[in-house]
Amino acid sequence: MKSVEVNFDGLVGPTHNYAGLSEGNVASLSNANESSNPKSAALQGLKKMKALHDMGLTQGIFAPQERPDIYTLKRLGFQGSDAQILAAAYKTSPTLLASCCSASTMWTANAATVSPSADTQNQKVHFTAANLANKFHRSLEPETTSNILSAIFNNDDYFQHHQHLNDNEHFGDEGAANHTRLCESYGDKGLEIFTYGRVAFNRNTPKPVKYPARQTLEASQAIARLHGVSAENAVFVQQNPDVIDQGVFHNDVIAVGNQNVLFYHEQAYLNTDSFKAEVSQKFSGNNLHFIEVSSEQVSIEDAVNTYLFNTQIITLADNSMAIIAPMHCRENTQVFDYLQSLIAANNPINHVEFFDVNESMKNGGGPACLRLRVALTEQELTAVNPNCLLTDSLYLKLVTWVNKHYRDTLTLKDLSDPQLLIESRTALDELTQLLSLGSVYRFQN
Ligand SMILES: NCCC[C@H](NC(=O)CCC(=O)O)C(=O)O
């Protein structure tokens, strides 16, 4: 049966801001406290979605979450009216308030891990929301993420949803940012590659020294077990701790796969040779392409600054592949030249398109961070909530919706403005109607 890969892009929420919350993420720290432009951020994201839709891909939309997260502030002891809670939280700790206002759910590569039905024992598509336990602001996401996943993939015959892993760093799970899948075509049984940063239950194994390793082996193994992915169809590989210490906080900052292509930096993995041997042995399709980029071609620093590997590799209707890159890759001469040589060389990638997703990049999120890939058979696709799939008319409605509700500048001080809370809830309430999501947010119950 024909299958497609659908990208579900995170719609940027109305409180998008730069708070410097992500230690180990170079862009997040270096842009801390700058003022943001939520309206442009959301429109940039929508433009990318529309462009991929126009290229013939099926494009999905993943709703943002309710922020400010008043419930978390109440749980942490703030009391009174919403306005009093926001004011007191800002006075106590602007960083705490910013954490409860982050629009970080836009990076849907961290929303969940997805195993397509071809890979799983019961032949259903499996979803596990990521617990994102390493960062407080991101640990607020999984419950609503699960609500949204259930509202999009709402059919037990085809879709199975699992509770996020235990909220503890031993099972730190960052979702699809550390998971990629190789396959011949999307409907074939694939090889799922789980990349982890450290082993939680064994202290004597390598790990980064400067920055946190967010994903553990134990979490990756639990996901594979829950999803019913067999050992022959899974590879567990450790990320090179040295590159985590240079700002590669997720594996998708340094590697990306699509079908029979794995595009990665030579320093991405800890034991590259044994990893490649295992992948070659377990990959059941033909013509596997390892596209390995050397440090001489592109340094780790340039990879982190331009997000060369946080690109999307997509398959077009004629079966050729295109690479969807951020503008930073065009502006850096060495990376731009490398990309020209990549598309000219003998491999399936023949085109490159550059996109301005700068508002997201300034928080360390490139094109690949903004999307969650879900490979679906034609039949499964008909079971997906149709209002979460982009059409020309939905695109126009969403652009109008953003222009109506979003601010074009936001500073950390603005996060304590009670009017922002009202604006966000009004916008999200309208959005749940546009996307037919039902009541996925707490304020709606
Ligand atoms: N996959 C890309 C994730 C980027 C995300 N950045 C942030 O949360 C930055 C938020 C801030 O600093 O305001 C992170 O590091 O998890």
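Okay, let's start with helix H8, residues 217–227, which lies across strands S3, S4 and S5 and runs at about 145 degrees to S4. Before I go on: this is a predicted model. Helix H7, residues 142–152, also lies across S3, S4 and S5, at about 155 degrees to S4.

So what are those helices lying on? The three strands make an open sheet, ordered S3-S4-S5, with mixed pairing. S3 (112–115) and S5 (159–162) are the edge strands; each has a single partner, so one side of each has no neighbour in the sheet. On average, neighbouring strands here are turned by 15 degrees against each other, ignoring direction. If you want to look at one pairing, take S3 with S4, residues 125–129: that one is antiparallel, over four bridges.

Now over to strand S1, residues 3–10. Is S1 mostly covered or mostly open? Mostly covered: seven of its eight residues are buried. S1 pairs with strand S15, residues 371–377, in the antiparallel sense over seven bridges, and there Val6 stands opposite Val374. S1 also pairs with strand S2, residues 59–62, this time in the parallel sense and over four bridges. In that pairing Gly10 stands opposite Phe62.

Next, helix H17, residues 418–434. At 1.5 Å a residue, its 17 residues should span 24 Å, and the end C-alpha atoms are 25 Å apart, which agrees. Which residues of H17 are buried? Leu420, Leu421, Ser424, Leu428 and Leu431. Looking down the helix axis, those buried residues of H17 fall within an arc of 100 degrees, so they line one face. What does the buried set pack against? Helix H4 (82–92) and helix H16 (392–405). On the other side of H17 you'll find Gln419, Ile422 and Gln433 exposed. And just after H17, Ser436 takes a positive phi of about 50 degrees.

Last stop, the annotated residues. UniProt, in an unreviewed entry, places the feature "active site" at Glu174, His250 and Cys369. Why say they gather at one spot? They span 196 residues in sequence, yet no two of their C-alpha atoms are more than 11.2 Å apart, so they do come together.

Glu174 is in the loop between S5 and strand S6 (179–182). Is Glu174 buried or exposed? Buried: 31 other C-beta atoms lie within 10 Å, and the cut-off for that label is 20 or more. Leaving out residues up to four places away in sequence, Glu174 touches Asn110, Ala130, Leu132, Arg214, Gln215 and His250.

His250 is in a loop as well, between helix H9 (241–244) and strand S9 (255–258). With 28 C-beta neighbours inside 10 Å, His250 counts as buried. With that sequence exclusion of up to four places, its contacts are Glu174, Ala177 and Asn178.

How values were computed. Residues are numbered from 1 along each chain as its sequence is written. This is a predicted model: local features need pLDDT of at least 70, side-chain atom pairs count only at pLDDT 80 or more; totals for chains, interfaces and linings use all residues. Two strands pair if DSSP finds at least two bridges between them. Helices (H or I, at least four residues) and strands (E, at least two) are DSSP runs, numbered from the N terminus. Axes are lines fitted to C-alpha atoms, for helices over the stretch in contact, and angles run from 0 to 180 degrees between N-to-C directions. Two residues are in contact if their C-beta atoms, placed from the backbone, lie within 7 Å. A residue is buried if 20 or more other C-beta atoms lie within 10 Å of its own, exposed if 12 or fewer, and partly exposed in between; C-beta atoms are placed from the backbone. The expected span of a helix is 1.5 Å times one less than its number of residues. The arc is that of the directions from the helix axis to the C-beta atoms. UniProt positions are given in the numbering used here, feature names are shortened, and annotations may be inferred rather than shown by experiment.
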